[in-house]
Amino acid sequence: MGFNLKRLFILAALLTVCGCATTSLVSCSKEGNERIVYSTPLRSVITGMDYGDGVFVVGHKSPDCDAVCSAITYADLLQRLGINAQARVAGKVICEPLHVLQEAGIETPPVLEDATGLNMIMTDHSEYAQAVDGMAQARVLHVIDHHGTGTVTTAHPLLYYALPIGSTCTIIASMYEEMGENPTRTQARLMLSGLLSDTDNLTSATTTDTDRKFYSWLLERSDIADIASYYAGMNKARTSFDGMTDEEILLSDYKEYEIEGVKIGIGSVLASEDIGLEELCRCMRGVMPAVREQQGLEMLFMMLGDHQANLTHVPFCGEGAKEVAEGAFKTAASEEGCIVTTYISSRKAQFVPAITDGIVNWKQ
Ligand SMILES: [Mn+2]
């Protein structure tokens, strides 16, 4: 399907969902008891679709908090609407999201290895490169996302619900609110965790007023008593790489993209008390060539951040990667193959656009 047609579907879905956001009131009398049923367009659009035997809800590969928590809480929301929806994950859950699930006392959803032929809902991504294998051969029914429109196309109409805000969990929370569904304390905790993680505790460049509103909305519905210490615990889990190999650390927060026909990977890791920026950079450089080959990439970049020192190191590998990185960040690379720049908080809002410019210029 062409780009314009895809856009048209997205627009149609958004108009359906947002354009008529008035709540219709249906009142019916049952054996003398007046019962009021609120029916929002979002609810009727979702319940009006055909889910066959059921549908799986899954976030992206290298699952992070937002991907895992959005899939779980959206599957829960759909179950409330009478839809047989089951949450899955697109790979092993480690570090921060594992910590969040353990703290909430809920089990990690099973890993979905192949989506071929299944009814699917994608949360927090719309790129096949980031999706479970076989997604291009699946029947994708909803995409709930806060990234740019990715490579996913469908021949059938779908609910494509994307908002330019800080986390997919914020979008899911707004859907609970719009449909008048009060999340349980655990559901609120999970959505809040995705929001906190993706926005770096409301400090990232991608944070919006909508995220701040739903932060409060979720916090008062959650069972988190001390939000500062809760976030500190999440942050510690994010940078605790106990028992992990360097390759596992590289892939712990990792995404692939196809930009101007060039297949690239971008891993993001934060320095910590345990492992400083220089050492982290050295360890990552050691495994990057093998990972690039294994993933079938032309170029591999890392975004290694130290928030306190206000620094990001960008090691790279692959033919042309040096030129792309130097063009992207307008800085000469060191001899070892690393760019040093001021701290970059967002892969999506800052790093990917810079690399895209770098690739466009390099191709000319
Ligand atoms: Mn996200």
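Start by selecting S62: this residue counts as buried because 22 C-beta neighbours sit inside 10 Å. (Buried takes 20 or more other C-beta atoms within 10 Å of a residue's own, exposed 12 or fewer, and partly exposed falls in between, with C-beta atoms placed from the backbone.) S62 belongs to the loop between β3 (55-58) and α3 (65-80). Helices here are DSSP runs of H or I with at least four residues, strands are E runs of at least two, and both are numbered from the N terminus.

Before moving on, a word on what you have open. This is a predicted model, where local features need pLDDT of at least 70, side-chain atom pairs count only at pLDDT 80 or more, and totals for chains, interfaces and linings use all residues. Residue numbers run from 1 along each chain as its sequence is written.

Now check the backbone of S62: its phi is positive, about 45 degrees, and S62 is not a glycine. Most residues other than glycine have a negative phi.

Jump to D200 for another positive phi, near 45 degrees, again in a residue other than glycine. You'll find D200 in the loop between α6 (185-198) and α7 (209-221). D200 is buried, since 20 other C-beta atoms lie within 10 Å.

Next, select V57, V58, A71, Y74, M120, I172 and M191. Within the largest nonpolar core, which has 62 residues, these touch the most other members. (A nonpolar core is a set of buried Ala, Val, Leu, Ile, Met, Phe, Trp, Tyr and Cys residues joined through C-beta atoms within 7 Å.) The biggest contribution to this core comes from α3, with ten residues. Apart from it there is another core, of 35 residues, including Y254, A271, C317 and A328.

Zoom in on I172. Leaving out residues up to four places away in sequence, I172 touches S70, T73, Y74, L77, I144 and M191. Contact means that two C-beta atoms, placed from the backbone, lie within 7 Å.

Then go to E260, in the loop between β8 (254-259) and β9 (262-270). E260 counts as exposed because it has 10 C-beta neighbours inside 10 Å. Beyond four places in sequence, E260 is in contact with I359, V360 and K363.

Last stop: colour by pLDDT, the predictor's confidence in each residue from 0 to 100. The chain averages 90, and 90% of the residues score at least 70. Over residues 1-31, pLDDT stays under 50, and the model has 34 contacts beyond four places in sequence for them.
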